[in-house]
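Subject: Structure handover

Hello,

Here is the structure I promised to pass on. Please open it first, then read my notes below.

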Amino acid sequence: MALYLGFDSSTQSLTATIIDAGSGRHDVVFEQAINFDETFPEFGTANGVMRGADGVTVTTPPALWVAALDRMGAMLADSGIDLSRIEAISGSGQQHGSVYLTAEATRVLGALDPGRPLVDQVAPLFSRAASPVWLDCSTGADCAVLTQALGGTAAIAALTGSRAYERFTGAQIHKFARQEPANYARTDRIHLVSSFMASLLAGRHAPIDPGDGAGMNLMDLASRTWAPRALEAAAPDLARRLPAIDDSWAVVGTLAPYWQRKYGFGPARVIAWSGDNPCSLIGLGLIAEGQLGISLGTSDTVFGPVSRPVHDPQGAGHVFGSPAGGYMALTCFANGSLARERVRDLHHLDWDAFSRMLAGTPAGNGGGMLAPWFVPEITPPVPQAAARWKDLDPSDAARAVRAVVEGQAMAMRLHSRWITRAVSTIRVTGGAAGNEAILQVIADVFDAELVRIAPRNAASLGAALRAYHASRLAAGSPVAWGDVVAGFTEPNLRVMPNATAAAVYRQRLPEYERFTAAAAAEVGGQRAEDGFRKA
Ligand code: ADP
Ligand code: XUL
């Protein structure tokens with residue numbers, strides 16, 4: 001009867017999930033979140049971040065994450081759960097964000113005093129006061145330097161799994177070393193949010209796992225080691241400032257006495273943390289190639305496990321390590337719920353009316369199509385808002401509704417071919433997964449069975465499942481991944497594709513691909529892809 005604890009240190013909140021697993025048990029016994037803005041107004045964040053006057057710099061004071069972890073310790077101690085039954089702990093961090101520590105950190109982490117708040121002990125260790133986070137896009141010039149040094153966009157994507165992105169940690173470190181050389185010089189260790197939080201638990205510097213390490217543009221994806229040329233291009237003497245890369249299931253150490261004495265934990269194993277996307281992969285039960293996950297949230301993402309370090313030929317996707325071994329590929333669409341809401345609001349509909357119109361219109365929409373780029377799009381790269389309607393009057397509410405959902409579903413299908421061509425099942429989650437009419441269109445466009453996974457915090461659950469898997473492995477009684485996730489990631493809805501609709505979309509897809517490629521080229525988006533192919 002062992003318990004396993006997973007955390008999710010995300011942009012706006014810290015969540016903790018405790019599962020009771022093994023011996024036929026698969027119960028979630030605790031899931032609670034601390035909202036950063038509400039709980040810690042003294043840090044002055046809005047939606048968990050601080051936005052710079054330049055409009056592109058986005059940071060979070062790292063002390064906020066420390067304070068939240070300590071507060072969650074107190075909440076767990078008050079939960080009535082016997083924390084000494086927790087056998088292992090892991091976690092999920094927002095990807096790309098980084099934490100900069102002085103040489104003092106090694107000593108302080110090893111001697112945390114349970115009589116003093118964690119934040120008071122850790123706050124003096126930061127050599128960069130504000131941690132850049134994934135919403136930051138202030139490093140265009142730094143990306144250009146990295147890209148150039150590594151031989152162009154295609155070369156950096158093939159080496160690291162992604163082209164140079166502004167939010168990725170390599171460019172963020174380059175900017176720091178360039179703008180604040182003295183503070184960079186006194187930086188002894190640079191962590192990701194994930195490895196930093198694991199270090200607080202273990203009381204020692206934790207490694208970075210290949211899941212989150214791949215979000216830096218600094219890791220050789222195939223060998224899962226730091227790429228020396230990338231480190232050299234990013235900043236002087238970077239290699240000695242980075243933690244080691246270790247397996248996602250590595251045992252970092254034993255939970256520090258701080259946590260045991262202060263909150264009543266036992267000597268739990270601390271397992272390496274990973275990024276939130278890799279942890280969500282596990283939390284949604286995506287462990288076999290051919291399975292695809294679709295998250296219909298603020299943005300839409302399509303992702304899945306892959307066995308080889310593939311990369312998106314169009315340069316828009318990402319490949320990270322999968323915490324279950326192998327890799328995960330991911331494509332993100334900025335025009336997700338925002339675009340659906342745009343069409344809904346344009347016609348003064350509610351979600352019920354939106355769904356009725358969608359269900360009441362024929363597959364293929366009588367030839368009408370929409371490139372739903374109401375805001376600049378990531379996939380394909382479209383640098384400015386540029387929605388395009390084809391053979392369709394946007395004032396026709398029912399057809400406009402169908403056009404936005406079909407356009408999104410066809411884009412997901414087209415831009416996930418590099419992930420897998422043979423989709424077995426699609427596991428879908430996120431706010432819009434509550435809408436069955438939308439799910440039917442996606443099942444039809446992919447011509448694949450679609451299942452909906454109950455809306456929990458998939459990253460935090462995934463971290464708890466990873467703690468379970470890693471702990472059993474370390475104890476010499478490993479559990480297969482299929483058995484790890486079974487019972488925790490069961491579908492609450494199944495949607496089968498409609499054969500007639502699927503046939504319509506098979507014909508329609510090449511046409512949609514041509515239409516959107518031409519539309520993207522018109523607004524300059526194609527240039528990014530051309531640059532990628534030639535590079
Ligand atoms: P995130 O985690 O990215 O903040 P969520 O996964 O919570 O987002 O999804 C929130 C979105 O879900 C809202 O922006 C809303 O557009 C969408 N949503 C909620 N209910 C429905 C519905 N019935 N049909 C379509 N979309 C919905
Ligand atoms: C992924 C990304 C986001 C963050 C969100 O590349 O930037 O999904 O991980 O926390």
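Ligand 1 comes first. The residues around ligand 1 are Leu296, Gly297, Thr298, Ser337, Glu341, Trp351, Gly430, Gly431, Ala432, Asn435 and Ile438. By class, this shell holds four nonpolar residues, six polar ones and one charged. Please keep in mind that the model is predicted.

Now the polar atoms. In the side chain of Glu341, an N or O atom is 2.4 Å from an oxygen atom of ligand 1. The backbone takes part too. Gly431 places a backbone N or O atom 2.8 Å from an oxygen atom of ligand 1. For Ala432, a polar backbone atom is 3.5 Å from an oxygen atom of the ligand. How much of ligand 1 does the protein bury? Taken alone, ligand 1 exposes 580 Å², and the protein buries 58% of that.

Next, ligand 2. His96 has a side-chain N or O atom 2.7 Å from an oxygen atom of ligand 2. For Arg167, the distance from a side-chain N or O atom to an oxygen atom of ligand 2 is 2.8 Å. For Asn277, the corresponding distance is 3.1 Å. On its own, ligand 2 has 290 Å² of accessible area, and the protein covers 85% of it.

Helix H13 spans residues 276-283. H13 lies across strands E16 (300-306), E17 and E18 (327-333). Its direction is at about 105 degrees to E18.

Those strands belong to a sheet. In what order do its seven strands run? The order is E17-E18-E16-E15-E21-E22-E23. The sheet is open, and its pairing is mixed. Strand E17 (318-321) and strand E23 (491-495) are the edges, each pairing on one side only. Neighbouring strands are turned by 25 degrees against each other on average, direction ignored.

Strand E22 covers residues 449-453. E22 and E23 pair in the antiparallel sense, over four bridges. Val451 stands opposite Arg494 in E23. In general, strands of a sheet pair through backbone hydrogen bonds, either parallel or antiparallel.

Over to you.

Best wishes

Definitions and conventions: Residues numbered from 1 in each chain as written. Chains lettered and ligands numbered in written order. Predicted model: local features only at pLDDT ≥ 70, side-chain atom pairs only at ≥ 80, totals over all residues. Heavy atoms only, no water. Polar contact = N/O pair within 3.5 Å; in protein donor to acceptor, adjacent residues only side chain to side chain. Areas by Shrake-Rupley, 256 points an atom, 1.4 Å probe, with all protein chains shown as cover. Pairing = 2+ DSSP bridges. Helix = DSSP H or I, 4+ residues; strand = E, 2+ residues; numbered from the N terminus. Axes fitted to C-alpha atoms, helices over the stretch in contact; angles between N-to-C directions. Contact = heavy atoms within 4.5 Å. Near = heavy atom within 4 Å. Nonpolar A, V, L, I, M, F, W, Y, C, P; charged D, E, K, R; others polar.
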